[in-house]
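Dear colleague,

I am handing over the structure we spoke about, and my notes on it follow below. Please keep it open while you read them.

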Amino acid sequence: MTLTRRAFLRTVGPGAPSPAMITARGREALEGEFGVVETALIPPPDMDEIRISSNENPLGPGASAIQSIKDNVSYSNKYPMNSPITDTAIRTRLATHYDGAKTENIVIAPGSGEVLRNCVRAFCGPSRPLVTGELSYGSPVSTAELFDLPVKKVPNQADLGLDLDKMAGAAIGAGLVFLCNPNNPTGTAHSKRAITDFVRFVAKESPFTYILLDEAYHEYVTAANYETGADLALRYRNVLLGRTFSKAYGMAGLRMGYAVATKETAAKIRAYKLTFGANVLGLASVSGSLDDPDHLKQEVVRNTAVRDYTIDFFRSNGYWVTDAQTNFIFVKTGMTAKAFRDGCAKHKVMVGRDFPPYEKEYARISIGTMDEMKRATEVFREVLGISATDAGSGSN
Amino acid sequence: MSQSRRNFMKTMGVGAAGAYAATLISTRKQESIAFAAETGIPVDEVINLANNENPMGPGQPVLDTVIESLGTHGETPGRYPFMKAGPLDDAIAAKWNVKKENVLVGAGSTQILVNATQTYTSNSHALVGSLPTYEECFGYAATVGHKTKAVPLTSDYKMDLDHTFYACKGAGMLFYCNPNNPVASLVDPAEGAEFIKRVLKMNKDLRILVDEAYIDYVTTPGHKTMMKEALEDPRIIVARTFSKAYGMAGLRVGYAIAHEDTIKELAKYNMGNSISVLTYAAATAALARDAKDPSFITNESQRNTEARSFTRKWFHDHGYKDTDAQANFMFVDVKMPVEDFQAACRAEGLRVGRPFPPLWTHCRISIGTMDEMQRAVKIFDKVLSAAKAQAA
Ligand SMILES: Cc1ncc(COP(=O)(O)O)c(C=O)c1O
Ligand SMILES: Cc1ncc(COP(=O)(O)O)c(C=O)c1O
């Protein structure tokens, strides 16, 4: 046992939740939802553990990104604006990915989480609520609660996708609509057409309402009718796009994300930005990644294959799964998220936390490597009581 | 008269302490504009004495640990950092012999400064600080519409404790930057200790944020950290950074030491985790090294003191007055508009500090390596002689 692991066990003591259970609650439970990470309760990693709880990329960034980190480590003593790869340089480079964008349209953040927080802070007010899906990424709600800002939650559709019609209705008079596309934790994505209609409607009916289009999982989408809404963010004053390097780019640990918006709107959230937020090695890694677009393509192909495999496992055993377009899936296991999670954790497979009000029958499972998912599905089989031969007889 | 000077005079005309604060805010914006303009310069060709960075870095063993921490196949950065936070909290707590409940880590001490401002000031409870001082808290207060009061320094460029005392009446938080950036001066240790007691007695609800970013570079005998006071009194917070003597400005990590109740209040606004896994690795490794051998920081401090003394002596020998610098930068009256001085140095490939109104002829010069300072004084000589010749 390593020293830190021992220290952890001592801190937690008898009667406290087990390290495995805490891991299984996932990052958002600790951080996004409650705002503060109780570091004492976080166990060190166990090498045999399969961590499919936090929608992370199990492989990390590509070789070009890693090389760029190595090349730039000697600039650790420089503030980011003095390092060879400044945040302005990265903004300029990212701008070239979007038609008509300039450096001023990009806001860099230490993780796109900052974009989410700052949109809530910049655009919501005591009489201007946050509108979000009932089952959506929870961090904007946490921010609103922290600053005593009102929240309107709109129930999801039957397929667990966001209910855009009802959200559009709720948007009237709101400060900000958080539109997570694809949506976490359901993995569902809306078509470009639906998003465009939504934006047009809100811009017309409620011109002072902002829309944050969170495309954290953009790269992983395979649905044919999906497309980025970046052009909307550049065209409409009230639309912002959130993007991250934490998912397909494999840099959750390096804390890099960004927003795309018109110059005026970008300035509104930039005002809340943490000064010098993005670190030099994160910037270096982004630069290296952008040099190697093929690596990103391969990662998407890899994730799609493993996602298909995992979805197929559940569906062929009679379980309903959302139309997940992401590096995670949302499954109707028919048992409580807790029972499923604890059952899996006994076998060192860590799956997602509770997602109320769906915690009684659903679980979120992130996509690991093919190898990991092959082991994990064996564990799911055992926990769900699926015998190797009775495919099709699971609860539905 | 330059545009910024004219604006400044207009602001001064209003006269109230609040008006001084407005000046701090606009210079903060100026700074980011200047940074943007600078991106075209290859970093390796410039002597950068503009940003109070440590030219030596954190040391090769720490950098090696960063690279090792990437994992065999570079997989570690794929995971969120939250599992890495505990070991750093523990290491900081062990270093200062406090509980980890007394520690809050942030993405640079910037995050601590921002959180404290958010938590302890409001539109009725002002932020109080010196003019000039480090602008982060004032900039944030302006963004969120919190009240600010800035108190001009004394004629010897030190914090004006008497006027600060009065400004703290009814205030929410005092930003006590010691040594003070940009002027590099330190409050007299005995006077400072007495002042803090007195002001907390006068305003029982006041919080004091003691920013000790540059403490490792202080050479004044008898100067001590305020951590002991902070642990005893929940109203005092000490901010520390890995950006200066530890040489990790680009990695973005700092922390607060305070009473456990205060840490809880601050943690509430420590929104999200903005610290990289590589940064955790670096900071944890640096403290592990300290625990075995504390000489890294004492050596860095000594290196800085030598280069600082050399540079200060050059200015004294040439008839220029400076403050009693106690940091990795100095503050000297170059007897010409600092904007012009800055531009002339820049043309020679040397970056020095920007103007810090209302001190229009003082320049903040960060201390580089001895070699850099030897090259820099030659440039200063050229620039200042040319200015003198022109004036004559
Ligand atoms: C939908 C969504 N948006 C934003 C984030 C924040 O990610 P980061 O701050 O790592 O960019 C997450 C993280 O899981 C997410 O799921
Ligand atoms: C007095 C003072 N405090 C805080 C900071 C912020 O530093 P960091 O966020 O890098 O810790 C600085 C930076 O120059 C400073 O001068």
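A residue is counted here as near a molecule if one of its heavy atoms lies within 4 Å of it. In this predicted model, 16 residues surround ligand 1, and the closest are Ser112(A), Asn184(A), Asp214(A), Thr244(A) and Ser246(A). By class, that shell is made up of six nonpolar, six polar and four charged residues. Taken alone, ligand 1 exposes 400 Å², of which the protein buries 99%.

Turning to chain B, seven strands form an open sheet with mixed pairing, in the order β2-β8-β7-β6-β5-β3-β4. Its edge strands are β2 (103-106) and β4 (148-152) of chain B, each of which pairs on one side only, and the twist from one strand to the next averages 25°. Within the sheet, β3(B) and β5(B) run parallel and are joined by two bridges, with Val128(B) standing opposite Leu174(B) in β5(B).

Helix α8 (residues 189-202) of chain B packs on the sheet, where it touches β5, β6 and β7 of chain B, and its direction makes about 175° with that of β5(B). Helix α10 (residues 260-267) of chain B lies across β2, β6, β7 and β8 of chain B, running at about 140° to β8(B).

Terms used. Residues numbered from 1 in each chain as written. Chains lettered and ligands numbered in written order. Predicted model: local features only at pLDDT ≥ 70, side-chain atom pairs only at ≥ 80, totals over all residues. Heavy atoms only, no water. Areas by Shrake-Rupley, 256 points an atom, 1.4 Å probe, with all protein chains shown as cover. Nonpolar A, V, L, I, M, F, W, Y, C, P; charged D, E, K, R; others polar. Pairing = 2+ DSSP bridges. Helix = DSSP H or I, 4+ residues; strand = E, 2+ residues; numbered from the N terminus. Axes fitted to C-alpha atoms, helices over the stretch in contact; angles between N-to-C directions. Contact = heavy atoms within 4.5 Å.
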